[in-house]
Amino acid sequence: MCLDMSPQVYITPVGQCSNLIMKLIARMSARSKNLKRKAVENTALAVKKAKGETDLAHGLKWAQVGQELKGLCPLISLSSDSLPGRTKVVGFDIDFTVIKTASGRKFATGAKDWEWWDEMVPAKLKSLDADGYRVVFFTNQAGIEKQKTNPNDIKDKIEDIIKQLSIPVQAFICTGTNHYRKPGTLMWDYFVDNCNGGIKVDVNKSIFVGDAAGRAKAWAAEKPKDFSCSDRMFAANIGIKFYTPEEYFMSESAAPFKWGSLDAEAYLKIKPVNNKTITYHSESQEIVIMVGPPASGKSSLRKRYFEPQGYVAVNKDTMGTQAKCVKVAKEALAKGKSVVVDNTNPNKSTRKDFLDLAEKEGIPCRCFVMQTPLDVAHHLNLVRQNMTNGEVRRVPDVGYAVYNKNFETPSKCEGFLEIVNIDFTPQFDNKRHEVLFKHWTGH
Ligand SMILES: [Mg+2]
């Protein structure tokens, strides 16, 4: 058998060849035009997005609200000046209330990873709009601050949801663990005050629906525990009716739940047991060392009883380091002033720096120990953030864990002249502070 190994040459007629080339050029030119068109469209879309504009009806537009913190706005709103306000509002949480992930994961993998929580959701929302209610989404998205969630994905998802609903929906996204976060009411207040066309909302005709409802594990067959109670608390703080998605969309009966944090209104009714007559400031020069977890009332005490009497306050939050606090204390003592150390001071070693200083200067040192229960301190931590409109950020849980881990009960043996135990007594500068104290707080 003989194989022909010579190369085979195919010759294309000249006419056919030029046709092929022409087709190729035409295809390349169309592709290039297409790419250019897409690039122009993408640029236009980017410019539009940067301005917060959307394709949604009723002129709905995204806006950043509040002062930026580390380059991030605490609140993002979707609203429109041309949308007339309504007195009846139905607020919804978004995740696992209006929608769930299509992937079945806990957190969405992207803007497209969603489906309706139940097939009856869109019809229900449309009927609410037809019945004169304003549908508003309020969502906590701390993942944005943690850089785990892309805010554009959330915006795209919300726009997608609204397009499918074909009704005007306003939306508010809290971007971190800031003062707008549910269950605080500032996100709702912002909507009512700025985005409802000047119309007062009727709290008796408005409701909120969310899945963070404090239900225990196995509240229904194979149902996990709710991760928090913040949606239920949000409604209670506003003073509107609350429903879980199961109650609202499926007409299920209410499941048992626990608030899981301090009942501040009930707490205020309990009179603090404190019959001792406390001598706060001393007429002679001294150092006062405070001991107490974050937000246990140390600064209030310092401002109320010591600073007005001329005590110089040292504080690590404002001065940065223990060394700086000791330096400032030393300088104040040299000027004949008394000093109040407003730090958590949980253990002997943190207190020793100031006790040594007092000994060196030959002046007495007293210790004021806050007896504030831990759940009250946690509550105050969040109330303080809301009272200051976010100026004082909440101390993260780790701050309490570190305090507890390091805590050593102060003793006279350390060199104190006196140990003074302080029971926390709520006192409010104004009505708003009292209202905020009475609110439910949670994570
Ligand atoms: Mg949810």
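Trainee: How many bridges pair strand S13 with S14, and in which sense?
Mentor: Strand S13, residues 365-370, pairs with S14 over five bridges, in the parallel sense. Strands here are DSSP runs of E with at least two residues, helices are runs of H or I with at least four, and both are numbered from the N terminus. Two strands count as paired if DSSP finds at least two bridges between them.

Trainee: Before we go on, what kind of model is this?
Mentor: This is a predicted model: local features need pLDDT of at least 70, side-chain atom pairs count only at pLDDT 80 or more, and totals for chains, interfaces and linings use all residues. Residues are numbered from 1 along each chain as its sequence is written.

Trainee: OK, back to S14. Which residue there is the bridge partner of Met370?
Mentor: That's Ile422.

Trainee: And what's the strand order in that sheet?
Mentor: S11-S12-S10-S13-S14, an open sheet of five strands with parallel pairing. Strand S11 (312-314) and strand S14 (418-422) each have a single partner strand, so one side of each has no neighbour in the sheet. On average, neighbouring strands are turned by 20° against each other, direction ignored; axes are lines fitted to C-alpha atoms, for helices over the stretch in contact, and angles run from 0 to 180 degrees between N-to-C directions.

Trainee: Which strands does helix H11 lie across?
Mentor: Helix H11 (residues 348-361) lies across strand S10 (287-291), strand S12 (339-341) and S13, and runs at about 170° to S10. Contact means C-beta atoms, placed from the backbone, within 7 Å.

Trainee: Switching topic: what about the sheet of seven strands?
Mentor: That one is open too, with mixed pairing and the order S1-S2-S7-S6-S3-S8-S9.

Trainee: How do S8 and S9 run, and how many bridges join them?
Mentor: They run parallel, and three bridges join strand S8 (residues 207-209) to S9. Phe208 has Phe242 in S9 as its bridge partner.

Trainee: Where does helix H4 lie?
Mentor: Helix H4 (residues 186-194) lies across S1, strand S2 (75-79), S6 and strand S7 (169-174), at about 140° to S7.

Trainee: Last one: how is the chain divided into domains?
Mentor: Into domain 1 (57-250) and domain 2 (287-438), with bounds from an automatic or database domain assignment. Their C-alpha centres lie 39 Å apart. Six residues from domain 1 and five residues from domain 2 make the contact.

Conventions. Contact = placed C-beta atoms within 7 Å.
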